[in-house]
Every structure is written in structure tokens, then in C-alpha cells.
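Q: Please take a close look at one part of this model. I would like the sheet and the helices packed on it, described strand by strand and contact by contact.

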Amino acid sequence: MGIKKVKTAVIGCGMISSIYLRNLCRMFSVIDLAAVGNIHKEAAQARAKEFGIPKAMSIEEAAADPEIELAVNLTPAFAHYDVIKRMLKAGKHVYTEKMFTTDLNQSRELVALAAEKGLFLGVAPDTVLGAGIQTAKYLIDTGMIGDVTSVQVCINRNQALNSEFFRFLRGPGGTLPYDVGVYYVGALIALLGSVTQITAFGNPAPLHEPQAAFLNEGAEPWQIPGLNTVAASLRFACGAVGSVLFDGNTVGAEQHGFTVYGTRGILKVGDPDKFGDPVTLILPENAPVQVPFTHGFDGKNYLGEPASFDNYGHRGIGVAEMAWALRRGRPHARLSGEYGLHCQEVLQGMEISAETGKVYEPQSRFEMKGLKPGYYSSMFGGAMRGDAEASLMD
Ligand SMILES: NC(=O)c1ccc[n+]([C@@H]2O[C@H](COP(=O)([O-])OP(=O)(O)OC[C@H]3O[C@@H](n4cnc5c(N)ncnc54)[C@H](O)[C@@H]3O)[C@@H](O)[C@H]2O)c1
């Protein structure tokens with residue numbers, strides 16, 4: 001016996017696809033990675049050969065293949081709307097990497113289309129299902145720090161310098177708030193629920209003169225569109241207030257911060273761009289303690305031979321959680337379209353508030369139910385995998 005695996009196709013064969021393809025082929029028993037597709041079919045063929053995936057396809061062929069139930073969209077942000085719409089129209093469930101689309105109204109349209117067709121639409125970031133954020137959520141939800149009163153998060157990078165190497169950062173969605181801040185916003189929403197009010201100030205990215213001549217010889221200066229540095233204040237439906245700083249106009253030495261304050265204690269949450277950054281609990285009259293993870297998916301490689309893209313961790317967990325929702329006939333309520341919409345509206349709300357000088361009140365709402373605790377086990381040399389995947393079932 002056993003479950004009928006979900007026949008899945010990955011669309012897009014770029015940098016992030018390596019970790020997705022490896023994990024979807026080998027980590028989750030609910031997934032049958034049947035095909036890989038790309039705008040250039042040769043790239044799909046190369047990836048299919050590398051990972052032993054049965055079929056390589058064009059996007060059109062993937063949409064037309066009746067076997068494929070679920071499409072995982074790993075194309076650049078500017079292509080998301082078209083790829084997602086095509087797959088939904090072809091009757092496929094879709095899971096997409098961030099950012100959802102480059103336009104909130106397009107994202108709303110896609111959520112409505114999925115609902116109309118009775119299909120699941122899932123949206124990254126899926127690091128919120130990792131051991132770090134789920135352990136923090138478990139501690140908050142079980143009252144370890146009392147009622148949450150406030151939260152403070154920050155992250156910095158030199159986004160313009162990064163855009164010399166990662167060319168997609170030069171276009172829509174390339175600013176630090178959208179490219180990296182989305183992991184912080186996703187984690188804030190996963191931990192504390194809906195944001196109801198936003199005020200913000202911001203600054204654009206500078207006009208960037210390329211520095212790494214070997215990468216961009218002779219290139220004209222460019223400017224990443226949108227606000228690259230944002231300081232925002234948030235109010236959550238739960239009553240807590242929050243302070244957010246995303247600075248993409250400084251140096252690349254990252255100084256991430258994520259502190260949740262409560263009536264009985266304080267939590268230092270790790271980097272939400274990672275799956276297994278430590279969580280530290282601070283209670284009065286005690287030394288701070290690093291809390292053991294209550295949940296699995298800490299980003300470590302449990303599959304045997306190490307790979308150069310291991311630092312991308314357990315990406316694909318969101319696809320597996322959605323596939324389990326399909327097979328168990330339960331609602332898809334964690335990394336749902338509503339989650340993606342709320343993340344996007346909060347980020348857009350920061351921009352709108354900074355531009356208008358007014359308080360922005362998001363229309364969307366989202367509350368996430370935590371995963372059941374579950375872990376990977378290293379007993380018997382790792383031969384027994386523990387029950388991490390079981391935590392994704394319900
Ligand atoms: N690179 C990262 O570190 C990272 C991390 C997390 C999330 N992401 C997200 O994952 C997605 C992909 O990122 P990446 O770094 O792999 O990008 P990439 O540019 O390396 O790869 C994109 C792939 O999509 C294909 N493609 C381009 N246009 C297409 C279209 N119209 N239809 C179908 N395929 C098309 C390209 O041929 C390429 O194979 C993006 O949404 C990005 O935000 C990237």
C-alpha cells in the first residue's frame with residue numbers, strides 16, 4: 001500500500017533549481033518528480049540527465065501533459081504571472097518561488113483563478129516551515145514568552161553590488177525588501193499573524209557604477225527600481241507592534257536581527273532566510289538558553305553525499321506540505337496564495353506608506369497553523385529517518 005505520489009514538474013532550471021531538484025527527487029516520499037521544463041528545452045534536458053528525471057519538456061509540453069498534477073515554478077519573478085496562469089489554466093496545482101508576481105493585482109487575480117478552478121496555489125518563502133521558525137512558533141504558541149508585545153527585525157546587504165552577479169536583481173523585485181525582506185515578512189506573519197497597519201520611510205537604490213569589471217565590462221550604470229532601504233513600523237492584529245529595518249544601500253556584511261518580546265520572556269530568532277538558525281530563549285533571572293529544535297527540516301544534508309548547493313537547505317518543503325494537503329484531502333492553509341498575498345501586500349504597503357506619508361492598512365489577512373513537531377533522527381547512522389515528513393501531513 002502507500003500513498004499515490006503527486007506527479008510533479010519543475011519549471012525553470014537556473015541556480016535555485018539544483019536544491020529543489022535534489023530534494024524533490026529524494027527527500028519527500030509524497031513527490032514523484034516526473035519532469036523538468038524550461039523555456040530553453042536543452043537546459044531542461046541537461047537537468048533531467050543530471051538528476052535522473054524521466055522527462056524534459058518545454059513549458060507548453062509541461063502544461064499539456066495530463067500526467068502532471070503539480071507545477072513548481074522556479075522562473076525569474078518577471079515570468080511568474082504568465083507561467084502560473086498557464087499552469088492553472090491547464091488544470092495544474094502550482095507552487096511558486098518568491099516573489100509571487102511583480103504586481104499585487106496580478107497575484108490577486110491568480111489566487112481568484114486557482115479558487116475558481118479548485119486548484120492549490122502555493123507561494124514561497126518556505127523557510128518558515130523550517131526547524132528555526134517552527135520551533136519559535138511552537139514556543140510562542142505554547143505561551144513560553146507570554147503575550148507578544150513587540151518585535152524587531154533587521155537585515156542589510158549591498159544589493160547594488162549583488163546585482164552585478166545576480167542580474168535578475170536589476171529588475172522589479174530586485175530591491176532588498178522584496179528579494180530578502182520577504183523572508184522576514186513571511187516569518188513575522190507566520191509567527192504573529194496578520195499585519196493591520198503600516199507606516200514607513202524609505203530611500204531608493206543608488207545609480208550603480210559596475211565595480212567588478214570582469215562581470216560587467218562596458219556596462220552602463222543601472223538603478224534597481226523601487227525603495228532599497230525601508231524603515232517601517234507595523235501593528236499586528238494580535239496587538240503587538242513591530243519595527244523593521246531593511247537596508248540594501250550599505251555594505252554586504254550582514255547583521256541580521258530578529259527579536260520577539262513578550263510579557264514573560266524574549267525570543268531571539270535566527271536568520272529567517274535559513275532553515276535551522278538557532279532560537280534563543282531569554283527568561284528573567286536565567287542565562288539565555290539555545291532551545292533544542294522541536295521540529296525537523298533544519299537545512300542539514302541528510303541525504304548522504306554533500307553537494308555544493310547544500311547551503312540552500314530544505315527548499316521544497318513547501319511543495320511537499322502542499323502535496324500532502326492534496327493527498328490527505330485537507331485544506332492547503334500554510335504557504336497558500338493568501339500567505340503569498342499578505343506577504344506581498346505588507347511589502348507593498350511599506351512602499352506606499354513611504355511614498356504617501358500615510359498609514360497603509362492592508363486588506364489581506366493571514367494566520368498560519370504551526371506544523372506538528374517532528375524531526376530527523378541520526379539513530380542507526382541515519383538509516384531511520386525519524387518522522388520529519390510526517391509533520392507535514394496534517
Ligand atoms: N538564486 C537564489 O538564491 C534564490 C533563492 C531563493 C529563491 N529564488 C527565486 O527562485 C526563482 C528562480 O531563481 P534563480 O536564481 O534560479 O533564477 P535563474 O535566473 O538562475 O533561473 C531561472 C530559470 O528560469 C528560466 N526561465 C526564464 N524565463 C522563463 C520563462 N519565461 N519561462 C520559463 N522559464 C524561464 C531560465 O531559463 C532559467 O533556467 C526566482 O523567483 C528567485 O527569486 C532564488
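A: **The sheet and its helices**

S7 and strand S10 (residues 241–247) pair in the parallel sense over seven bridges. Strands here are DSSP runs of E, at least two residues long, and helices are runs of H or I, at least four residues long, numbered from the N terminus. Two strands pair if DSSP finds at least two bridges between them. This is a predicted model, where local features need pLDDT of at least 70, side-chain atom pairs count only at pLDDT 80 or more, and totals for chains, interfaces and linings use all residues. Residues are numbered from 1 along each chain as its sequence is written.

Glutamine 152 stands opposite serine 243 in S10. Asparagine 156 stands opposite aspartate 247 in S10.

S7 spans residues 148–156 and also pairs with strand S11 (residues 257–262). These two run antiparallel and are joined by six bridges. Cysteine 154 has glycine 257 as its bridge partner in S11.

S10 has another neighbour, S9. Seven bridges join S9 to S10, and the two run antiparallel. Alanine 232 has valine 244 as its bridge partner in S10. S9 and S10 form a hairpin with four residues between them. In that turn, glycine 239 has a positive phi of about 105 degrees.

Eight strands form it, in the order S8-S9-S10-S7-S11-S12-S13-S14. The sheet is open and the pairing is mixed. Its edge strands are strand S8 (195–204) and strand S14 (289–290), each pairing on one side only.

Helix H6 packs on this sheet. H6 touches S7, S11, strand S12 (266–268) and strand S13 (280–282). Its direction makes about 175 degrees with that of S12. Angles run from 0 to 180 degrees between N-to-C directions, and axes are lines fitted to C-alpha atoms, for helices over the stretch in contact.

H8 lies across S7, S8, strand S9 (227–236), S10 and S11. H8 runs at about 160 degrees to S7.

The two helices also meet each other. Helix H6 (residues 131–141) and helix H8 (residues 176–192) pack at an angle of about 30 degrees, with their axes 9 Å apart. That makes H6 roughly parallel to H8. Angles under 35 degrees count as roughly parallel, over 145 as roughly antiparallel, 65 to 115 as roughly perpendicular and the rest as oblique. On the H6 side, the contact holds Ile133, Ala136, Lys137 and Ile140. They meet Ala187, Ala190 and Leu191 in H8. Contact requires C-beta atoms, placed from the backbone, within 7 Å. By class, this contact of H6 with H8 has six nonpolar residues, no polar and one charged. Ala, Val, Leu, Ile, Met, Phe, Trp, Tyr, Cys and Pro count as nonpolar, Asp, Glu, Lys and Arg as charged, and the others, Gly among them, as polar.

H8 has a further helix partner. H8 and helix H10 (residues 337–356) pack at an angle of about 120 degrees, their axes 9 Å apart. That makes H8 oblique to H10. This crossing of H8 past H10 is right-handed. From H8, the contact takes Pro177, Tyr178, Gly181, Val182, Val185, Gly186 and Ile189. They meet Tyr339, His342, Cys343, Val346, Leu347 and Met350 in H10. The contact of H8 with H10 divides into 10 nonpolar, three polar and no charged residues.

Conventions: Contact = placed C-beta atoms within 7 Å. Left-handed = near helix turned anticlockwise from the far one by under 90°.
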